[in-house]
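Let's work through some exercises together. Have a look at the sequence and the structure first, then try each task before reading its solution.

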Amino acid sequence: MKFRKMLCGTLGLLAIVSLAACGGGDSKSESKADSAKDLAKEARVEKASIEVYVPQGKNTDYLQKSIELYNKKYSTELELNPVDVAPAIPMVQKVTPKLVANEKMPDLIFLQDSNAGSVFDKFEDLFYSAEDFGFVKDYGKDFYSAKMNMLSNIAPSKKVYGFPNDWGNASMFYNEEAFKTAGVDMKQIKTWDELIEAGKKLKEKTGKKLLFMRDTGELDLVKYLTEQQGVSLFDKDGNLNLLDPAVKHSYEIIKKLQDEDLVAYGNSKDYTVIGQDCGIILAGGWLASYQAGDYPDDEGKWRIGAIPAVDEGNNYSPMSGGSSYYVPKNSENALAALQFITFALTDKEALDAYMELSGLPANTTAYTSEVAQKEFPYYGNQKILLTLDEISQNSIEGYAFPYSADLDNYIEAASYDIKNNGVSVDDALKKQADDFASKYGVKVNE
């Protein structure tokens, strides 16, 4: 897919990571570096070049603006040296060999929360802790509780290492103009059953399908529907919930969509292309950063809202990404990086600059700013930053483990067997759950 995490490369990293199982803690960085608690007492660094592995675009623009604000406020001379690296599997592939070999590291790395577990499972002692540095005590209450919960469960010690940048929850992007043509008021759609009925009208009146699904086996909708019911695919102890009734209920909804011919199928990398011609796109708020630029002719047609509830009652916002900054010990300007990233993630002007770039800070205080009131013409002048904040306030609390990302492959396989091979939902899920549990030695909750 165009922007979403590509997770299948995780398995290729296991051999590299396993090399560090015996020696990860025996590093020159341990003897070289003070603890984060000690560094928190040090004077502000006046001059340094901060090397950061971060994807080019709004995140580098945000950091560059933040460092300008930082230098102005503290009369310092910090410089930013960004290296373009995607924050998921490519980042893990980039930093893991360096950590194994105890090579010099960048001062900051930008890593997706769902992939951080595979790094911290073996290399926790090679990073400074945001908790020890005092960030969590001073600012943790200002961030989404789901984000801080995620960060507190990534490292084996349950200590927070990440400096929380953004937090994503799946939202419903919908073509309001198309639904109006079909005689549907989307603001009145509260449940998936109602959405399916709206999709039938949409197809009849406009010829558009309701939504996209992967032709290789549906994955995202399974996770979204399950999490909407308040069930995370892993519990807090790392046990697997793939056989939970909520997962089976998710497949019942998916079958309704398929039986009514409301699905447009395609390769995952093309889901935004295909989705743009459907009634809705289910994606994290990050999609708003790209949709207007990629499809300018559709300005004014689209809106953003919460995904309708599975059933009446509770409706959690499913997770859809989130990234944080990490400070390695074996770097030249770690103290400057710790001081700078604390500023970038908490300063009002810096947070405003991020939202101006359509960034979605995990810092909830950002949304009290005037910038958060910005209207977006592409979405009919909707104040989408406030909408997305409201959705994230209702986020399910999930967990990340070294093996979390690989579960996607097993869900895809189950979905493919159910749709294409006539395997029952129970049998398909049981097979994949057993295979996953056997591979990783985890318990399957039933």
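Two strands pair if DSSP finds at least two bridges between them; strands (E, at least two residues) and helices (H or I, at least four) are DSSP runs, numbered from the N terminus. This is a predicted model, in which local features need pLDDT of at least 70, side-chain atom pairs count only at pLDDT 80 or more, and totals for chains, interfaces and linings use all residues. Residues are numbered from 1 along each chain as its sequence is written, and side-chain values use heavy atoms, with hydrogens and water left out.

**Exercise 1.** Find the bridge partner of Met-172 in β9, and then work out the sheet around it.

Solution.
- Step 1: Met-172 has Gly-305 as its bridge partner in β9.
- Step 2: Strand β5 (residues 170-175) and β9 run antiparallel and are joined by four bridges.
- Step 3: The open sheet has three strands, ordered β8-β5-β9, with antiparallel pairing.
- Step 4: β8 (280-284) and β9 (302-305) are the edge strands, each pairing on one side only.

**Exercise 2.** Which residues of α19 are buried, and how are they arranged around the helix axis?

Solution.
- Step 1: Helix α19 covers residues 425-440, 16 residues in total. From first C-alpha to last it reaches 22 Å, close to the expected 22 Å (1.5 Å times one less than the number of residues).
- Step 2: Buried means under 20% relative accessible area, exposed over 50%, and partly exposed in between (1.4 Å probe, protein chains only). The buried residues of α19 are Ala-428, Leu-429, Gln-432, Ala-433, Phe-436 and Ala-437.
- Step 3: Down the axis of α19, these buried residues fall within an arc of 150 degrees, so they line one face of the helix. The arc is that of the directions from the helix axis to the C-beta atoms.
- Step 4: As a reminder, an α-helix has 3.6 residues a turn, so residues three or four places apart point the same way.
- Step 5: On the face turned away from the buried side, α19 carries the exposed residues Asp-427 and Ser-438.

**Exercise 3.** Which residues touch the most other members of the largest nonpolar core?

Solution.
- Step 1: A nonpolar core is a set of buried Ala, Val, Leu, Ile, Met, Phe, Trp, Tyr and Cys residues joined through side-chain atoms within 4.5 Å.
- Step 2: Among the 91 residues of the largest core, they are Phe-127, Phe-163 and Tyr-326.
- Step 3: Helix α15 (residues 334-344) gives the most to this core, nine residues.
- Step 4: A second, separate core has 52 residues, including Leu-221 and Leu-429.
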